[in-house]
Amino acid sequence: MKKNIINKTIQLALCGAMLMGAGSGCKKFLEEQDPSNLGPDSYFTLPEHADAAIYAAYARLRFIGEGAGIFTNNYALLDAPTGTVVTKTAQNSDLNNLLGLVYDGDNLQIGNWWKGLYKEIAQTNLVLDNVPKINPMDETARKKVLGEARFLRAMAYFYAVRMWGDVPLILKSQTPQSADFSPSRTSAEQVYNTIVDDLKTAEAAGLPWKDNTGRASTAAVKALLAKVYLTMAGFPLNKGQAYYKLAADKAKEVIDYANTHTSDIGLFTNYDDLHTVANNNRLEHLFEVQYLSGVEENPLQTVMLPNNSQPDISAKGSGQGTEVPSPSFYDSYKKFEPTDKRTDQQQFFYTYYFFKGSGDTIKLGAPYIYKHFDVTCHGASGKPGTGVSNLNVPMIRYAEVLLMYAEAQNRADGTPNADAYTALNAIRQRANLPVKAGLSQSDFEQAVWRERWHELCYEGVIWFDMLRLRKVYNEDTNGFDDFVGHALKTNGAVLAKKHLLYPLPVFEMKNNPNLKPQNEGY
């Protein structure tokens, strides 16, 4: 991985200063500093260097929103193959190939995710290798920084192993002289075990239970660990009941804390609160990718706006129409549960907005995604927008913790308990749906799966649910089809066995012949 994991200590540690917690009212935890007094011999000698290095690791996560050619960005990779989205632009062949399930190892978005994740891993390895050497440094502060690095490395590997299966497991900083500079692939199970080890170490690092500045917290660590256990319980490892129990227990720890600290963790009352800048990193948001104008503005605001056919609905100007809800998925909300308010105007979707963001009503002719819509940026009726976005991008929400617990407990114990119903019904009641009761294990499980599709859509969750369950939501029947053989309603493309993994990027396989063989079917 010669181009992706080279140890460039100073360059990486000083990359893009990041301000966390924008709009939260909390103290920003990274300020720009003059780097002119730093050099290779003086770095990782002061506690401040540990802070700069871990802040750079947080900043690395922004690759998720970076561009991937004309009219798209890397974020689209997580939704494009699910059948929940279509595009209003036809200019980007990589995006079209993802939507049509005909992608290969030359796909730009797939390559960008590989590079982005291994840059994140490289930066966290720098922290883990070098922060222990800093002397003097407060031991409590050191332990927290190392815990944050473990959390971020685990998150990166968790994405990688789900996308590509066996991947190189690199746990030390690399130079061209490193013995494993051209590593081979490590078994998925060993990668998962390392992820668990990292998260257990982070769990014991003394992080605050909730951190409204945007840094990793104990709640975020436990939520991610629950998600890892839930994934390990399903495909491809199939560890079953014992891991469903681990997932349920870990999610329950977060729920129990939330129940006794209601101002720290919980569900927002209104869906508007999910995408309000003042709520960045707060309450339901357990972990987010951080954005701030002047450092890096939220890049999703244009790709989810209508394209040039509707150029006047925002203070930002025209959008791209990159990611638009598929009609069949949008219709599935009220087709089966007519009171579901998530498809009401300006909840998860919107079908009209305002001229220049604040003027007369403009009908859009189709629904668009409102879930990540920054009203302060775009404007609202009678309130001109700023044209810049400080809105964070959610990675882990408390709503997902509730649904993870409900699914895992039901599978672990063979029947849903009262707490599982409470967790599921909290999501349903916010959506104005009747509560569930008295269901069989199978019916309860599918009820949870449906809520995951309808609550967590467009958050990078659904594709990975499809992989671990080997099931896909059917918008016609309200049930679930087997993954292999399911035809997407959007275009008739049929999911095949090869789609359970992405192909390794061709450029990386050319750089490193030890990565062979390519994943099956590519």
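Reply: A crossing is left-handed if the near helix is turned anticlockwise from the far one by less than a right angle, and right-handed if clockwise. Please keep in mind that this is a predicted model.

Me: Which quantities describe two packed helices?

Reply: Two packed helices are described by the angle between their axes and by the distance between those axes. Here the axes of helix α2 (residues 47-60) and helix α4 (residues 108-130) come within 9 Å and cross at roughly 165°, which makes α2 roughly antiparallel to α4, since angles over 145 degrees count that way. The crossing of α2 and α4 is left-handed.

Me: Which residues make the contact between α2 and α4?

Reply: On the α2 side they are A53, I54, A56, A57 and R60, while α4 contributes K119, E120, Q123, T124 and V127. Sorted by class, this contact of α2 with α4 has five nonpolar, two polar and three charged residues.

Me: What span should helix α6 have, and what do its end C-alpha atoms show?

Reply: At 1.5 Å a residue, the 16 residues of α6 (residues 188-203) should span 22 Å, and the end C-alpha atoms are 22 Å apart, which agrees. The buried residues of α6 include V191, I195 and L199, and what covers the buried residues includes α5 (139-164), α7 (218-233) and α8 (241-260).

Me: Is G83 buried or exposed?

Reply: G83, which lies in the loop between α2 and β1 (85-86), is buried, because its relative accessible area is 4% and buried means under 20%. Leaving aside neighbours within four places in sequence, G83 is in contact with S326, E475, L488 and T490.

How values were computed:
Residues are numbered from 1 along each chain as its sequence is written. This is a predicted model: local features need pLDDT of at least 70, side-chain atom pairs count only at pLDDT 80 or more; totals for chains, interfaces and linings use all residues. Side-chain values use heavy atoms; hydrogens and water are left out. Axes are lines fitted to C-alpha atoms, for helices over the stretch in contact, and angles run from 0 to 180 degrees between N-to-C directions. Helices (H or I, at least four residues) and strands (E, at least two) are DSSP runs, numbered from the N terminus. Angles under 35 degrees count as roughly parallel, over 145 as roughly antiparallel, 65 to 115 as roughly perpendicular and the rest as oblique. Contact means heavy atoms within 4.5 Å. Ala, Val, Leu, Ile, Met, Phe, Trp, Tyr, Cys and Pro count as nonpolar, Asp, Glu, Lys and Arg as charged, and the others, Gly among them, as polar. The expected span of a helix is 1.5 Å times one less than its number of residues. Buried means under 20% relative accessible area, exposed over 50%, partly exposed in between (1.4 Å probe, protein chains only).
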